[in-house]
Amino acid sequence: MSEKDKVYIFDTTMRDGEQSPGASMSVEEKIQISRVFDEMGIDIIEAGFPITSPGDFEAVSAISKGLKNSVPCGLARAKKKDIDACYESLKHAKRFRIHTFISTSPVHMKHKLNMTDEQVIDAVKESVTYAKKFTDDVEWSCEDGTRTTLDFMCKTIELAIKCGATTINIPDTVGYSIPEEFAKTITHIRNNVPNIDKAIISAHCHNDLGLAVANALAGLSAGVRQIECTINGIGERAGNAALEEVVMAIKTRNDLMPFDTGIKTELISKASKMVANATGFPVQFNKAIVGKNAFAHESGIHQDGMLKNRETYEIMSPESVGVKKTSLVMGKHSGRHAFKDKLSDLGYSDVTDDVIQEAFGKFKVLADKKKHIYDEDIIALVDDSLIVDNKINAINLKSLKVYAGTGEPQRAEMTLDVFGEIKKTAQTGDGPVDAIFKCIKELYPHDVKLSLYQVHAVTEGTDAQATVSVKIEENDRTTVGQSADTDTLVASAKAYLNALNKMLIKREKKSLSENIEHQKVKEGV
Ligand code: KIV
Ligand code: ZN
């Protein structure tokens, strides 16, 4: 470690991030994302809120078993059963953190908890003491901290540290604070909590006023040494402080913020894409650091300056966050070996041979259709093959013909392999995509709500591959499917099937966990 003060990066993409409406990720997707986080050097990964669902429990458990360096963490309310669920899901990890919280603001205590100051104080004491039985690494949060009276906050923090908390997190739960005020709060805590030197102070800022990153960084100057954040800034409502912005601000303005996060920033772009793909939440074009335009220079004056010296308009290099210049990489004569080397250059060094084989096959087909193949094309192919590698395809597309254009109603003819049985149909619809989705519904009758259909071109040009994302909902379950192809309609069919296959798995898991619950009730457990 360098001489500079360490700032711990606590990622909550898979917990607070997943709390944004519609941003659910499958367990497999979370595992893949956590591997990249681990490699990136994220210190603590809050992998979920284990008590809330069997899916969260399973994700925390699976992720915690696979991490090499990052410390896995689970969230718990100030309740024994939540803390037990955290422990049960984390216990296989070498080290782990339990993060427990309770609201301390007058408005939350009165209307949400219906608890008095004394009851909240008792709950802090009980929950932190109980969590400490399972691990030395306990984090305590005063939810709605920035609307809590300072005296009460200091009292609860002192108690939490006395009971064993080693990290004290100050959430700006509703994104209400402004930088100067947030910094003052931290200074007040440092000056008024006698045992504060025994804990690390953490900032957890929401973005309702667009100030999450600014508040977290203001906290740093006042003594915060852990920042809680999410990739792409996803999270409840307007989101959380964006990890990529926090880390790159510290790196770029290290003259004013002389701290070290230890993050391998070159993996930021990859992590951003993985999270966007898994959640189906696109990254806005002008998003700082990871937006498509973050390093694009359009105007003549800017381009001219850039050609003379990059520093004229560039405060950090695209390479420093893993954005490679779009390069023409390979053609139809490139072999498997070169393809594998290329994948490793693009950061896919740990994919299985099956995935490489599958992606290579698709690359050859693409190379026959498309004149120029770019890095982004190859990334889309591997991501597509990774989805296939998850072995979740019970329903597969065998063939598709679509008749579109003016005059005629649009018509699709489709053949599907449905659990091993070959089925065919033809349907018309309001547009070709509607006709395709009707075919799928006809061949595998099901009732889900389509809540998102989104197409984006992977590269420039009319022969570009399209990545299609589809989100479907059924009761309280949501799944996102994705696929890339030069034919947007084929990608649409495959993306829908991908979402549907994931939904079938979720249904299976739900009925399995319901059976277990039912059995427990019967057995009186
Ligand atoms: O925003 C918040 O207050 C939280 C806590 C659980 C830390 O997410
Ligand atoms: Zn939060």
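Author: A residue counts as buried when its relative accessible area is under 20%, as exposed over 50%, and as partly exposed in between, with a 1.4 Å probe and protein chains only. This is a predicted model in which local features need pLDDT of at least 70 and side-chain atom pairs count only at pLDDT 80 or more, while totals for chains, interfaces and linings use all residues. Side-chain values use heavy atoms, without hydrogens and water, residues are numbered from 1 along each chain as its sequence is written, and chains are lettered from A and ligands numbered from 1 in the order in which they are written.

Reader: How do you know how many disulfides the structure holds?

Author: A disulfide is a pair of cysteine sulfur atoms within 2.5 Å, and the structure holds zero of them. The sulfur of Cys73 is 7.0 Å from the closest cysteine sulfur, in Cys86, and therefore too far for a bond. Cys205 is in no disulfide either, since the nearest cysteine sulfur, that of Cys229, is 10 Å away.

Reader: What makes Asp16, His204 and His206 the residues that coordinate the zinc ion (ligand 2)?

Author: Donors are N, O and S atoms within 2.8 Å of the metal (3.2 Å for Na, K and Ca), and sites may look incomplete, as water is not among the atoms. Asp16 through OD, and His204 and His206 each through NE2, coordinate the zinc ion at 2.0 to 2.1 Å. Along the chain, these donors follow the spacing D-x187-H-x1-H.

Reader: Why does the pair Asp16 and His204 tie together parts that are apart in sequence?

Author: Asp16 lies in the loop between strand 2 (8–11) and helix 1 (27–40), whereas His204 belongs to strand 8 (residues 200–205), so the pair joins parts 188 residues apart in sequence. Helices (H or I, at least four residues) and strands (E, at least two) are DSSP runs, numbered from the N terminus. Both Asp16 and His204 are buried.

Reader: What makes Arg15, Asp16 and His204 polar contacts of ligand 1?

Author: A polar contact is a pair of N or O atoms within 3.5 Å; within protein, one must be able to donate a hydrogen and the other to accept it, and residues adjacent in sequence count only if both atoms are side-chain atoms. A polar side-chain atom of Arg15 is 2.9 Å from an oxygen atom of ligand 1, and for side-chain N or O atoms the distance is 3.0 Å in Asp16 and 3.1 Å in His204.
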